[in-house]
Amino acid sequence: MGIMDVLKGAFGGGEKKTLASKEFKCPNCGAKVTLDMERCYECGVRIKSMFRKKCPKCKALNELDAKICVECKYDFESEIRAAKKTQYRCPRCGYKMDVYMMQCPVCGVRFG
Ligand SMILES: [Zn+2]
Ligand SMILES: [Zn+2]
Ligand SMILES: [Zn+2]
């Protein structure tokens with residue numbers, strides 16, 4: 001296995017799973033559910049109300065798809081924007097990297 005296989009593994013390969021299509025276990029009955037389902041097909045529990053995200057600022061629990069915190073109005077999207085900023089893109093082939101590298105692993109162009 002070459003360096004490209006290692007990189008593919010590290011970056012998750014071509015697997016494109018969004019949060020919505022990811023499978024979770026229903027916290028109530030254990031059935032396999034996805035976040036784009038409104039309710040669990042087994043027990044009927046509201047899925048989105050079972051999975052919450054915690055506000056990093058005030059620790060309030062928000063709906064998973066909430067844009068701003070219900071308590072302190074913290075902008076969750078600003079976090080996503082900041083995270084996106086740390087991704088580097090090869091100026092030649094556009095390959096996205098999570099960490100800064102001296103050389104593009106895809107087209108081999110050197111940065112710096
Ligand atoms: Zn259930
Ligand atoms: Zn908050
Ligand atoms: Zn490149």
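This is a predicted model: local features need pLDDT of at least 70, side-chain atom pairs count only at pLDDT 80 or more; totals for chains, interfaces and linings use all residues.
Let's start with Lys 59. It has 10 C-beta neighbours inside 10 Å, so it counts as exposed. You'll find Lys 59 in the loop between β3, residues 52–54, and β4, residues 61–63. Its backbone deserves a look too: phi is positive, about 70°, although Lys 59 is not a glycine. Most residues other than glycine have a negative phi.

Now on to Lys 73, in the loop between β4 and α3, the helix that covers 76–85. What is the phi of Lys 73? Positive again, at about 65°, and Lys 73 is not a glycine either. Lys 73 counts as exposed because it has 10 C-beta neighbours inside 10 Å.

Next, Met 37. This one belongs to the loop between β2, at 32–34, and α2, at 47–50. With 15 C-beta neighbours inside 10 Å, Met 37 is classed as partly exposed. If you trace back along the chain to Ser 21, 16 residues from Met 37, the two C-alpha atoms are 9.1 Å apart.

Before I hand over, a word on confidence. The protein chain has an average pLDDT of 81, and 81% of the residues reach at least 70. Thanks, everyone!

Methods: Residues are numbered from 1 along each chain as its sequence is written. Chains are lettered from A and ligands numbered from 1 in the order in which they are written. Helices (H or I, at least four residues) and strands (E, at least two) are DSSP runs, numbered from the N terminus. A residue is buried if 20 or more other C-beta atoms lie within 10 Å of its own, exposed if 12 or fewer, and partly exposed in between; C-beta atoms are placed from the backbone. pLDDT is the predictor's confidence in each residue, from 0 to 100.
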